[in-house]
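Here is a short report for a reader who is new to this structure. Please look through the sequence and the model first.

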Amino acid sequence: MVLEQVGVLLELKGANPFRVRSYQNASRTLGALEEDLWVVTSEGRLTDVKGIGKGIAGLIAEALTEGTWGEMWALYTSVPPGLIQMLAIPGLGPKRIKQFHEELGIESIEQLKVSAENGELRGLSRMGEKSEQKVLDGIELLKRFSGRRRLDVGLLYGEALEARIATMEGVERAQLAGSTRRRKETIGDLDIVAAVLPEDVESVTDQILTLPGVADVKGAGSSKVSIILGTEFFSEEVMESGLDGGVLEALGGDAYEEMAAHTTIDAQIRLVPPHVFAYTLAYFTGSKEHNVRMRQRSLDQGLRLNEFGLFPLDAVGELKGMEAAEFSLPAEKESDIYTHLGLQWVPPELREDSGEIEAAEIGSLPDLMEPSMLKGAFHNHTTASDGTATLGQMAEAAQELGWEFLGIADHSQILQIASGLSPDELVSQAAEVRALNENWADKGVDFRLFHGNECDILPDGGLDYTDEERKILDHVVGSVHQLPTWMKRDEDVNTEALIRAIENPSLTILGHPTGRILGGRDGFAVDLHAVIRRMGELNAEGELKVVEINASPYRLDLDWRYCRFAKEQGVPISINPDAHSRQGLKDVWFGAQIARKGWLEETDILNCRSGSDLEQLLW
Ligand code: DGT
Ligand code: CA
Ligand code: ZN
């Protein structure tokens, strides 16, 4: 979005950071805007949207009506895109980039790399061999670790680190905080809070710094240790098995394994006295937006809230930080803090300032679903297409998880690279499923397979196979796989095509709605609100239209930000692992985290219903 780029651009020009931030925030807000931007703008209500000021509103209005971006547009077109990309190189700021551009004509990361390798940077003012090497290191780092880690990676490192610190001599308790605890789909860095008596801080710090797998130490003070963890942190290499082809391709094909093997993650560990632990944990769990609301609420009650405690303003006066801690209202656990402020305890997943404080105030927070409530899943592959386990093996794995059903959804015929099933193969798979089902029924086993298919949604919104051929199926998961075509098109064209697809009477579940791969590629442009709204209408007319949370940690698509909207529109959610192996079924856990983050309850999830209920719906 242009606004996002304007933000970055201003940064490159050395503009005021607050101004930069406001553009980036505005871009994000508008991206999630439910109403039509055009309508909001033409009715002059843009400034009513949170985070949109007069200046930005004027710019948007101009862009929509005139197609120009005022002075920003000139700014934008005057800066080569390569310079903007260079900003992502760790350790490289806008001033340097400007210098490289003006003095050496460098316009891309590739050119910068060549110049650095040829020793051309060291001759510039305020540069030397060392800083030249730093540029090269930065480029290398960007390539390997660019951006944020996926939630599964964050949890893997985070929970291992939490466990190691919690069992250290001198540590009373330790807990993972930050975006990992809030179950964001990607993680910037890990935050861990540990309760340590002042006299033990030094020894605990030493123990942390000498943990195996600490690749680098960024800093170690009296209350905070910052480290970078490398893969050596794990005694055994954790490698993925049975990744789907689309994911692998988006991540760079075979080069992916090498990339994954070099993953690092930053971690900040806060060491605090045991009596302030709950406050520090709440503070570093965030989000920042949630914290701001909590602090404001405290002030309204004559209290000051920070990472050290909750203080009556009249008692602490000017005392700051730990000096004031002894005046704090006591809190053994986080829920005590919320109680002090007249609130229900807010589950970490919900702490994004998206209505949770208002709900906690009147005791109406949702009763979030739990992974253990899942009784099966609908979108899974077998060896018939690109999976690594047979129908029987997948069913067995599902039974081992205690499930009551498993939905099969191999690829459809058009997806040749993933061995999509021909119509004949579909028929023989149906017979295989029927035989297995009869066998379980005879034995009185409460388990059944639903025979579905992941039918490709063609660029025009049509579905793979003929209407007749699809009739044999219990359920159709409609998914877009021809990403290049959809990425090139305008949002309204894609939206129209997706709506056509969901209107097809045979489609039950809309699979990975945007096609995004976290850390690999963005999804295609589409107005999901419009698609979901239409699904809701069809449900009201008695059809069954369900949207998938693809639970693969590489996708997590539907995004959690749309979950409540789906619920409001009367569209059930299906949490699907998109498993390509037995092990892959367990990915539903990640989907459940996202459903929780999206405020969903047991009754909102199709695969929380019993196997026999679902028979009624699908057979
Ligand atoms: P990340 O690491 O980018 O995935 O996201 P977080 O949420 O883990 O953010 P991080 O690591 O910068 O900080 C951890 C938490 O600490 C954050 O969620 C809220 C709190 N925090 C950090 N800086 C501030 C601040 O300036 N103001 C307030 N109110 N809270 C902050
Ligand atoms: Ca963090
Ligand atoms: Zn798919």
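Ser385 sits in the loop between α20 (356–361) and α21 (391–400). The model is a predicted one. Is Ser385 buried or exposed? Its relative accessibility is 7%, and buried means under 20%, so Ser385 counts as buried. One is with His381, at 3.5 Å. Another joins Ser385 to Asp410, at 2.5 Å.

**The zinc site**

Next comes the metal. Which protein residues are donors of the zinc ion (ligand 3)? They are Glu454 through OE, His481 through NE2 and His512 through NE2. These donors lie 2.1 to 2.3 Å from the zinc ion. Along the chain, their spacing reads E-x26-H-x30-H. Glu454 and His512 link distant parts of the chain, 58 residues apart. Glu454 belongs to strand β11 (residues 448–456). His512 is in the loop between β13 (509–510) and α26 (528–540). Glu454 is buried, with a relative accessible area of 1%. His512 is buried as well, at 2% relative accessibility.

| Residue | Relative accessibility |
|---|---|
| Ser385 | 7% |
| Glu454 | 1% |
| His512 | 2% |

**The second largest pocket**

What is the make-up of the lining of the second largest pocket? The residues divide into seven nonpolar, 11 polar and seven charged. Where does the pocket lie? Domain 2 (149–272) and domain 4 (371–618) both contribute lining residues, so the pocket lies between them.

**Helix α15**

One more element deserves a look. Helix α15 covers residues 277–285. Eight of its nine residues are buried, so the helix is largely enclosed by the rest of the structure. Among the buried residues are Phe277, Tyr279, Leu281 and Phe284. Ala278, Thr280, Ala282 and Thr285 are buried too. After α15 comes Gly286, which has a positive phi, near 70°.

Methods. Residues numbered from 1 in each chain as written. Chains lettered and ligands numbered in written order. Predicted model: local features only at pLDDT ≥ 70, side-chain atom pairs only at ≥ 80, totals over all residues. Heavy atoms only, no water. Donors = N, O, S within 2.8 Å, 3.2 Å for Na, K, Ca; no water. Helix = DSSP H or I, 4+ residues; strand = E, 2+ residues; numbered from the N terminus. Buried < 20%, exposed > 50% of the residue type's maximum accessible area, 1.4 Å probe, protein only. Nonpolar A, V, L, I, M, F, W, Y, C, P; charged D, E, K, R; others polar. Domains from an automatic or database assignment. Polar contact = N/O pair within 3.5 Å; in protein donor to acceptor, adjacent residues only side chain to side chain.
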